[in-house]
Amino acid sequence: MIQTIRGFRDILPGDTALWQTIEKTASQLFEDFGFQEIRLPVIEKTELFARSIGEVTDIVEKEMYTFPDRKGTNITLRPEATASVVRSYIQHKMYAADPIKKLYTIGPMFRRERPQKGRYRQFYQINAEVFGISSPFIDAQLILMLNELFKRLGLTDLTAHINSLGCPECRPTFHQALLDFLTKKKDRLCSNCTRRMDKNPLRTLDCKVPECREALKEAPTTLDHLCGGCSDHFDTVKTTLEKQGVDFIVDKTLVRGLDYYSRTAFEIQTTALGAQSAVAGGGRYDALVKELDGPEMPAIGFAIGFDRLAEVMEQLKGPGKVKAPDLFIIPLGERAMEKAYLWSSKLNLKGVRSETDYAGKSLKALMKRADKLGAGHVLIAGDKELDENALVLRDMKTRDQTTVPSDDPIDNIIKILTDKGTIRD
Ligand code: HAM
């Protein structure tokens, strides 16, 4: 038997109902905030990710699915979507008429991490990205929007962690202070950190090795080295969130795992998934559009971990409900079977979830099946009922029965089900 590859999984019908709820709620909310959907390829040139996420990051150093295509170009299954959204924004000159663009995209990402609960090698993200606005109000608005989404989904035990990572003006002083600190602690750091510390000292701060975490407890923080501009920006983000009633924690240790961030960085964290605590993460990336050969353009965004969000919701509320048929038509006999098929299709075309039998099973077996499927009603169509022009429509819950003429049952059935309010969405 061929099975899925380690870290890859099927999202089965029992789960997709919940996934659809999340997707609908998110896209509705994002569109109310002026976002438009964009769909992007899952494979890009490797260079796109190396240049944006950063050469000296876990993702680029060890987690990307990269392979040469037949002509030898290195291509990569996208480990995240921001780089692709930026590439698309530049490639299609979306900034030309109006630099302000709000885009969202939903789809699979690929990272070759060690699989565990809440961590997969193919996982899904819901991304939202805003181009062309440097105001801190938009930073607050994205966090507000995430907060609202989680509220609408009924999740309350999530916490927004926010930090500021500074900008090219204040970064050099911070880097120097961090490097001085790291040099003193060098003996206690893992080989990865000592290797990375000169090239990209910030990365040592998100090292997961417990000894490094301990050694870096007193490390200098970006917040202590912000320039005036970054400091004002961060203050406005915080006061705006307060004014809008969004709870948050200032988390000086939050550095994120990708290199493109500047100023505001944030994560929405949960305690429900053990080590994989981030349900969403994002931040400002004001330099990235220019770095990828576009114009100077401020930008900010986030990605929600779809799989993790679904898992938190399932823990809290149980699995989503599989949609049951509104009607199950029970044909008894050859003549009835064709009619049942034609009626059932007609009902499907008119928006009624109708099912029927194709195998000529007995009334008893089909009643059992209708019950198992959770059908709201059954329509019994035997030769007798056809001869008498009186089909039996039975409410599976109340057991009430009505007769419906067999020469034209469709409109009658729709009327009865609609009047009873049993056609479900
Ligand atoms: P990220 O923090 O790498 O950021 O990923 C965002 C979210 O994706 C995480 O918080 C987590 O919920 C989910 N996630 C990441 N890796 C996995 C995995 N292996 N299995 C399951 N879920 C996972 C980014 O990707 C940035 N592009 C976010 C962003 C958008 N920043 C600005 N705009």
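A residue is near a molecule if one of its heavy atoms lies within 4 Å of it. Keep that in mind for the first stop.

Before you click, note that this is a predicted model, where local features need pLDDT of at least 70, side-chain atom pairs count only at pLDDT 80 or more, and totals for chains, interfaces and linings use all residues. Residues are numbered from 1 along each chain as its sequence is written, and side-chain values use heavy atoms, leaving out hydrogens and water.

**Stop 1: the ligand.** Select the ligand and show what surrounds it: 27 residues, the closest being Glu80, Glu113, Glu129, Tyr261 and Ala278. By type, the shell has 11 nonpolar residues (Ala, Val, Leu, Ile, Met, Phe, Trp, Tyr, Cys and Pro), 7 charged (Asp, Glu, Lys and Arg) and 9 polar (the others, Gly among them).

**Stop 2: polar contacts** (pairs of N or O atoms within 3.5 Å). Pick Glu113: an N or O atom in its side chain sits 2.7 Å from a ligand nitrogen. Now pick Ala278, where a backbone N or O atom is 2.8 Å from a ligand oxygen. How much of the ligand does the protein cover? It covers 96% of the 660 Å² of accessible area that the ligand has on its own (Shrake-Rupley method, 1.4 Å probe).

**Stop 3: strands** (DSSP runs of E, at least two residues). Colour S6 (122–131), S10 (278–284) and S11 (299–305); each supplies at least two residues of the shell. S10 gives the most, with 6 residues.

**Stop 4: two helices** (DSSP runs of H or I, at least four residues). Select H1 (residues 13–32) and H5 (residues 136–152). Contact here means heavy atoms within 4.5 Å. Show Thr25, Ala26, Leu29 and Phe30 of H1 against Met145, Glu148, Leu149 and Arg152 of H5, which make the contact.

Terms used:
Polar contact = N/O pair within 3.5 Å; in protein donor to acceptor, adjacent residues only side chain to side chain. Axes fitted to C-alpha atoms, helices over the stretch in contact; angles between N-to-C directions.
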